[in-house]
Amino acid sequence: MELQDAINGRKSIRRFLPKAVPKETLRKILELSARAPSAENTQPWEFYVLGGETLDKIRTDNVEKVRNYEMPPPEMHHIMVERPKGSVFRERQVEIGKQLYGLMGIAREDKAGRAAWVEEGFRYFKAPAAIIIVAEKSLPIEGTYLDVGAVMQNICLVALDFGLHTCIENQGITYSEVLRKHADIPETKRLMAAIAIGYADPDFPANKVESRREPIDHIITWCGI
Ligand SMILES: Cc1cc2nc3c(=O)[nH]c(=O)nc-3n(C[C@H](O)[C@H](O)[C@H](O)COP(=O)(O)O)c2cc1C
């Protein structure tokens, strides 16, 4: 696949087909993706690749916590980012939410429908596999996030080359204690990102989402060029 096609073709997929992804394919995707740059080649990332019964147990426990309105543990507060009220960032957040709920036919006042949709993220959108990116807690979180972002984008792009789609999701790492328990992730490692991965369900309404981008000239300042 051409690079530009991959960049244009990548989108968040929120329902996957019940079709397993071969372990060797996932290994290859991670091997290629780990060619990502990192500050001073520190390569802070490590991957926990979840599937089968392990992933099913995690989905079940996640959903139970969501239904009980459990908050994420303090160690996960780094993913709980509030966008300033009235800011363009909040506007964009609302816009994508409206688009998704609109496509799913879930009305604003339909509390049960909204809650059921939120649960889907905690089920990794029924993906046959999920990749959890972790990094040592001894590393500073700021720079590590940049490095993890690079490898994360690689995973999403390389996946396309194997006919796979992805959804990066904070929901997938919200309940770190669930992941630690079932995937045996030690306390010394910080959970940085989750990526649901699998074959996209082409007929699922939310998969038809087309996220908008700011026109590029709004966000470039040319200096000396
Ligand atoms: C760090 C990060 C966390 C995200 N967390 C979630 C999430 O918890 N649930 C979800 O449905 N999408 C999540 N997304 C996907 C974004 O909503 C999505 O990338 C954005 O709306 C742009 O849409 P696109 O990926 O289809 O271009 C996340 C993306 C990133 C980069």
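**Sheet, helices and ligand**

Me: Where does helix 3 lie, and at what angle to strand 1 does it run?
Reply: Helix 3 (residues 52-67) lies across strand 1 and strand 2, and runs at about 90° to strand 1. Helices (H or I, at least four residues) and strands (E, at least two) are DSSP runs, numbered from the N terminus, and contact means heavy atoms within 4.5 Å. Axes are lines fitted to C-alpha atoms, for helices over the stretch in contact, with angles from 0 to 180 degrees between N-to-C directions. This is a predicted model, where local features need pLDDT of at least 70 and side-chain atom pairs pLDDT 80 or more, while totals for chains, interfaces and linings use all residues. Residues are numbered from 1 along each chain as its sequence is written, and side-chain values use heavy atoms, without hydrogens and water.

Me: In what order do the strands of the sheet come?
Reply: The four strands form an open sheet in the order 1-2-4-3, with antiparallel pairing, where two strands pair if DSSP finds at least two bridges between them.

Me: Why is one side of strand 1 left without a neighbour there?
Reply: Strand 1 (46-51) stands at an edge, as does strand 3 (165-168), and each has a single partner strand, so one side of each has no neighbour in the sheet.

Me: How many bridges join strand 1 and strand 2?
Reply: Strand 1 and strand 2 (residues 129-136) pair over six bridges, and Tyr48 has Ile132 in strand 2 as its bridge partner.

Me: Switching to the ligand, what is 2.8 Å from one of its oxygen atoms?
Reply: That is an N or O atom in the side chain of Arg14.

Technical notes: A polar contact is a pair of N or O atoms within 3.5 Å; within protein, one must be able to donate a hydrogen and the other to accept it, and residues adjacent in sequence count only if both atoms are side-chain atoms.
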